[in-house]
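Please open the structure in your viewer and keep the selection tool at hand. The tour visits the ligand and its surroundings, and then a number of salt bridges.

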Amino acid sequence: MTAVMRAAVIGAGVVGLSTVAALRAAGAEVTCFERGPAVMGERSAGSTRIFRLAHEDPALVRLARWARAIFGEWESAAGRRMIGPEGCVVSGTAVAGMAAGLRAAGARSELVEPAGAARLRLPAREPPAVSLIDPEGGITDVDAVRAHLGERAADVLVHEPVRSVEPHGAGAVVRSASGSHRFDAVVVAAGAGTPALVGSLGLDVPSTLAHHVRFTLPDPGAPPDRPCWIDDPAGGLHTYQHRSGPRQWTVGASMDPALVAWEVGREAAEAASRRAVLAHVRERLTVEPRIVGSLYCTTTAPPQGDGFVVQRTGSVLAVHGANLFKLAPVVGRALAAAAVDGSTPSAASLAASAG
Ligand SMILES: Cc1cc2nc3c(=O)[nH]c(=O)nc-3n(C[C@H](O)[C@H](O)[C@H](O)COP(=O)(O)OP(=O)(O)OC[C@H]3O[C@@H](n4cnc5c(N)ncnc54)[C@H](O)[C@@H]3O)c2cc1C
């Protein structure tokens with residue numbers, strides 16, 4: 001009889017939990033270490049994200065389409081919708097590149113001239129010059145994903161911070177408060193905690209942090225099917241925007257890195273982000289310029305493009321990337337497969353296998 005593989009996943013964010021689900025589906029015996037009191041509490045926190053196929057890189061479009069299919073499997077299993085039907089609109093300097101990426105990957109899209117912009121249902125004072133509709137995008141229901149993945153991992157979760165991971169023979173040892181634990185493979189999906197865990201193993205994961213905060217404002221006139229919006233106006237603030245509740249609109253901005261650098265401190269970075277978003281809202285949007293909620297997280301600096309990188313040393317895999325929520329189902333499956341077969345996946349190799 002073949003021995004059952006023993007695997008550890010460090011981090012119960014959306015990436016770690018997706019990996020746990022895929023490893024268990026492959027028959028592995030899994031332990032998931034999480035330093036926080038709850039799952040999906042750091043970079044995966046909050047209740048909404050944008051899902052979109054739209055990327056400049058056709059490989060990422062293919063991976064997002066594959067991720068959508070896995071979200072669909074989870075939706076069927078959970079009996080609950082995870083990605084909304086409202087679509088995603090892209091405007092500004094990003095339109096041409098993303099339209100090309102969608103086209104190259106064979107995904108549906110549509111360009112809309114200003115004269116037709118009313119049907120986009122955006123909360124914009126002025127119609128964007130040209131807009132791109134990504135009809136397969138929509139709002140991700142983070143609570144639904146958290147409930148589903150949390151349930152699939154509940155009996156293998158250990159709420160302890162991992163202090164170190166060390167290679168040991170053909171496997172690795174994970175050290176936590178309860179002692180040293182041996183595994184055949186270890187997947188480090190610890191978000192902001194990953195560099196500290198794998199740096200001493202020679203894996204080069206970017207370690208400089210920055211602050212990020214998105215804000216929620218009242219949107220009393222919002223139609224319920226208002227699409228998500230990625231807006232990159234020339235010379236203006238690059239924002240991502242979406243509905244985050246009934247008559248609520250959320251706006252996050254790509255800030256000047258100097259204003260949100262780690263050394264600036266969370267308070268000053270939040271204040272600068274708040275000023276920038278409010279000024280943008282007053283100038284360009286029809287939503288109320290009044291902040292009623294916010295969601296803070298760390299990001300990795302300098303700002304990373306969308307996508308992910310997997311590194312390996314021996315039986316230890318580490319993953320990092322940006323805007324990973326939408327790709328997490330695929331990243332989790334890839335990490336699980338790699339833990340089992342010893343490979344090191346890349347976005348390009350996975351996209352090629354996705355067709
Ligand atoms: C405000 C905001 C808006 C975003 N918008 C989008 C979007 O619209 N679309 C999109 O696709 N993505 C978006 N993202 C990005 C996306 O949410 C993240 O990339 C994704 O959630 C990262 O998941 P993760 O599992 O890698 O990290 P995390 O969720 O941070 O999970 C890592 C986990 O590891 C745990 N951990 C760390 N160190 C240790 C240790 N030593 N021992 C044990 N546990 C440890 C942490 O407690 C944490 O739970 C957004 C992020 C934020 C914060």
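Begin by selecting Lys326 together with the ligand: a backbone N or O atom of Lys326 lies 2.9 Å from an oxygen atom of the ligand. Such a pair is a polar contact, that is, a pair of N or O atoms within 3.5 Å; within protein, one must be able to donate a hydrogen and the other to accept it, and residues adjacent in sequence count only if both atoms are side-chain atoms. The model is predicted, so local features need pLDDT of at least 70 and side-chain atom pairs count only at pLDDT 80 or more, whereas totals for chains, interfaces and linings use all residues. Residues are numbered from 1 along each chain as its sequence is written, and side-chain values use heavy atoms, with hydrogens and water left out.

Select Asn323 next, where a polar backbone atom is 3.2 Å from an oxygen atom of the ligand. At Val162, a polar backbone atom is 2.9 Å from a nitrogen atom of the ligand. Taken alone, the ligand exposes 1,000 Å², of which the protein buries 94% (accessible areas by the Shrake-Rupley method with a 1.4 Å probe; for residues, only the protein chains shown count as cover).

Now display the 31 residues around the ligand; those that come nearest are Glu34, Ser44, Arg49, Ile50 and Cys297. A residue is near if one of its heavy atoms lies within 4 Å.

**Salt bridges**

A search of the whole structure finds 17 salt bridges (a side-chain nitrogen of Lys or Arg within 4 Å of a carboxyl oxygen of Asp or Glu).

Select Asp219 and Arg226, whose closest N and O atoms are 2.6 Å apart in a salt bridge. Are these two residues buried or exposed? Both Asp219 and Arg226 are buried (under 20% relative accessible area; exposed is over 50% and partly exposed in between, with a 1.4 Å probe and protein chains only).

Move on to Arg175 and Glu166, a salt bridge with its closest N and O atoms 2.7 Å apart. Arg175 is partly exposed at 31% relative accessibility, and Glu166 is partly exposed at 28%.

Finally, select Arg284 and Glu283, whose side chains meet in a salt bridge at 4.0 Å, N to O. Arg284 is partly exposed, at 30%, while Glu283 is exposed, at 55%.
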